[in-house]
Amino acid sequence: MNGRASGCGFAGFARVASFTALWAACAMILTVILVLNHMIIVRLLGEPIVWHLELAIYLTIGAFFLGTPYAVLSRGDVAIDLLSALLPARKGQWLRVAVLLVMLATAAYLVWSGLGRTLEAMHSNLRSTSLWGPLLWPVYASMPLGLALACLQMLAEISDAISRLGGEDRQ
Amino acid sequence: MSELELGVLILGATTLVLLVGVPISYGLAAISIVFLLIFAGPASLVAVPRVMFEEVNGFALLALPMFVLLGSVVGASRASSDLNDAAQRWLGWIPGGLVVANIAACALFSAICGSSPATAAAIGRSGIPEMRARGVPPWLAAGSICAGGTLGILIPPSVTMIIYGISTGTSIGKLFVAGIVPGLIIVVAFSAYAIYASRGRVDDATPLATDFPVAPAHASTRAAASLRVLPFLMLIAMVLVALYGGIATPSEGAAVAALLAVVLVLVIYRPGLALWRDVGREAMRDSAMLLLIIAASGLFAYTLSLLYVTQSFGEMMSAAGLHRWVFMGLVMVFLLIAGCFLPPVALILVVMPLIQPSLETYNFDLVWFGVVMTILMEIGLITPPVGVNLFVIQGIAPDIPLRQILLGSVPFVILLVLAIVLFSLVPGLITWFPGLMVGG
């Protein structure tokens with residue numbers, strides 16, 4: 001946790017992002033175990049177990065979406081920072097705010113559309129077409145949930161960037 | 001507006017959004033949503049969450065976070081300095097061998113880690129000061145690590161190749177195996193140049209603080225230095241053999257490798273709980289970032305296809321009636337230029353949906369092209385303005401001016417270009433080995 005946004009009342013978001021990243025990492029370890037277990041059982045019994053790999057895929061999807069807030073917090077997203085490096089510090093900070101606003105608008109739209117899909121799956125009791133056939137809405141829900149947390153982290157980052165700009169003005 | 005004009009507009013807008021600094025994942029998603037809304041109507045947006053979800057809903061994709069976990073675990077341990085030490089004891093006694101040892105350490109570490117910037121940072125941190133202490137010119141020390149680091153995306157297992165495989169539907173196992181021979185050829189070429197460039201410049205008689213050998217090291221010393229890193233190298237060799245023999249899928253190989261890497265680091269380096277927390281978060285951050293890029297690029301490819309841009313581009317290329325190698329030359333020049341601005345992951349995901357149909361029409365082997373494209377992207381990693389490795393090296397050796405780092409990288413860029421020419425003249429150097437694979 002870098003705590004960049006901690007001074008603006010948004011420290012809680014950073015803690016949540018850090019916490020969800022750790023849980024997502026635990027889900028990944030579970031995925032590794034599931035794949036290994038499936039591999040061993042298939043080699044020994046010669047028959048695939050349907051739910052192992054399907055659960056591993058769903059866990060990975062859930063872990064990936066829940067990891068997105070931490071990617072925002074730690075500035076882990078791949079971006080071309082050339083322009084902000086060339087600009088003077090203050091203009092670079094404004095550019096950072098603009099970039100975060102584009103990210104926020106995009107993520108907010110994905111939360112909204114992902115939520116619609118989740119509710120639709122929930123109401124229609126949508127299940128996977130595999131033999132195991134689990135309900136799909138919990139998997140779909142990971143997209144709006146993870147990206148909603150990412151939105152909160154983006155808000156914290158925007159607040160932090162604007163307060164820095166305000167601080168420079170006062171100086 | 002014709003489909004081709006629309007395609008130019010989309011690519012222009014995408015380039016602009018990415019150059020402004022919007023992360024690739026959010027940038028591609030934003031452009032897709034805006035263009036779908038304007039040119040296909042609001043009803044087309046219903047598909048957005050479905051397309052993004054489906055893009056990451058597959059067994060092959062499991063390999064990606066697992067190899068990322070493997071790289072994070074090994075990268076956080078002291079394996080890189082042990083590897084560098086072992087390479088120096090094996091190769092350091094030959095003239096200019098210190099530079100060769102660092103290139104070899106980069107090649108070996110990249111096989112474990114799979115990331116170019118991480119390889120350059122891990123090996124360069126100890127390698128550059130040691131080379132400079134021995135009198136290696138700063139430009140050569142920086143250039144060799146810069147270029148050696150690029151091997152991370154070519155020598156398997158490579159995260160970049162997994163993304164190429166997923167994006168194009170090419171066998172990830174074949175891509176991994178196809179990277180071995182070109183990787184070795186490039187390591188030999190880099191090493192030969194390092195020996196040539198070191199002549200008369202390196203003081204091979206000065207011992208270093210790290211008990212660096214100035215004469216051929218005794219077999220027992222070499223064995224002791226290799227002991228700690230050997231299990232990691234055996235781990236990667238085992239994964240490759242399993243893939244080559246058709247014993248395991250890339251996802252299964254990645255799961256075995258990730259779990260064994262955790263066990264090996266626990267046993268050999270005994271790290272504390274704090275390191276595991278950091279490794280977990282770092283692995284999740286990198287995986288989330290990569291998977292979000294893949295999901296967004298799926299949406300981008302869907303948008304291009306729905307707006308008939310991909311099809312029009314393919315038709316235009318077919319109608320142009322170019323000779324297949326003229327077409328390939330144009331593609332290579334384009335990738336070389338685009339690679340100077342876009343990181344490898346973005347380049348693959350943005351460009352491949354457009355050119356894959358034409359590559360298939362011109363009957364190019366996608367495994368061969370995957371390797372060639374990877375080498376082209378290696379060049380992008382060490383050329384301005386966004387050559388990541390250049391800035392990694394500047395970060396760990398701030399007293400070496402960027403101009404000297406660039407100067408040191410130029411001969412290696414030339415070698416990479418020559419390698420592409422060689423692999424174009426003799427494609428079998430890439431395709432022969434994967435062609436022998438079980439199930440291939």
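The pLDDT is the predictor's confidence in each residue, on a scale from 0 to 100. The views below show a predicted model.

**Figure 1. Confidence along chain B of the predicted model.** Chain B has an average pLDDT of 85, and 93% of the residues score at least 70. Within chain B, helix α2 (residues 24-39) has the highest confidence, at a mean of 94, whereas helix α12 (residues 219-227) has the lowest, at 68. For residues 207-215 of chain B the pLDDT falls below 50, although this stretch has 22 contacts in the model beyond near neighbours in sequence. Where pLDDT is low, the predicted coordinates should not be read in detail. For the complex, the predictor gives an ipTM of 0.90 and a pTM of 0.84.

**Figure 2. The interface between chain A and chain B.** Contact between the two chains involves 51 residues of chain A and 51 residues of chain B. About 4,500 Å² of area is buried between chain A and chain B, and carbon and sulfur atoms give 81% of this area. On the side of chain A, the residues that lose the most area to chain B are A:Phe64, A:Val78 and A:Ile80, which together account for 17% of what that side buries.

**Figure 3. Polar and charged features of the interface.** One salt bridge is counted between chain A and chain B. The salt bridge joins the side chains of A:Arg43 and B:Glu252, with a distance of 3.0 Å from N to O. Three residue pairs are in polar contact between chain A and chain B, both residues being at pLDDT 80 or more. On the side of chain A that touches chain B, two or more residues come from each of the elements α1 (11-45), α2 (50-73), α3 (82-86), α4 (89-123) and α5 (137-170) of chain A. The residues of this side comprise 38 nonpolar, ten polar and three charged.

Figure 4. A:His52 lies in helix α2 of chain A. A:His52 counts as buried because its relative accessible area is 3%, and the cut-off for a buried residue is under 20%. The side chain of A:His52 makes a polar contact of 2.7 Å with the side chain of A:Asn37. Apart from residues up to four places away in sequence, A:His52 touches A:Leu34, A:Asn37, A:His38 and A:Ile41.

**Figure 5. Helix α9 of chain B and its packing.** Helix α9 (residues 159-168) of chain B is largely enclosed by the rest of the structure, because eight of its ten residues are buried. The buried residues of α9(B) are B:Val159, B:Thr160, B:Met161, B:Ile162, B:Ile163, B:Tyr164, B:Gly165 and B:Thr168. These residues pack against α4 (63-76), α10 (172-178), α15 (273-306), α18 (344-361) and α19 of chain B. At the start of α9(B), the backbone nitrogen of B:Thr160 has a side-chain oxygen of B:Ser158 within 3.3 Å. After α9(B) comes B:Gly169, with a positive phi near 75°.

**Figure 6. The surroundings of B:Val367.** B:Val367 belongs to helix α19 (residues 366-381) of chain B. With a relative accessible area of 9%, B:Val367 is buried. Leaving out neighbours within four places in sequence, the residues in contact with B:Val367 are B:Thr170, B:Lys174, B:Leu175, B:Ala178, B:Ile430 and B:Pro434. B:Asn84 stands 283 residues from B:Val367 along the chain, and a distance of 31 Å separates their C-alpha atoms.

Terms used
Residues are numbered from 1 along each chain as its sequence is written. Chains are lettered from A and ligands numbered from 1 in the order in which they are written. Side-chain values use heavy atoms; hydrogens and water are left out. Contact means heavy atoms within 4.5 Å. Buried area is the accessible area (1.4 Å probe) that two parts lose on being put together, summed over both. A salt bridge is a side-chain nitrogen of Lys or Arg within 4 Å of a carboxyl oxygen of Asp or Glu. A polar contact is a pair of N or O atoms within 3.5 Å; within protein, one must be able to donate a hydrogen and the other to accept it, and residues adjacent in sequence count only if both atoms are side-chain atoms. Helices (H or I, at least four residues) and strands (E, at least two) are DSSP runs, numbered from the N terminus. Ala, Val, Leu, Ile, Met, Phe, Trp, Tyr, Cys and Pro count as nonpolar, Asp, Glu, Lys and Arg as charged, and the others, Gly among them, as polar. Buried means under 20% relative accessible area, exposed over 50%, partly exposed in between (1.4 Å probe, protein chains only).
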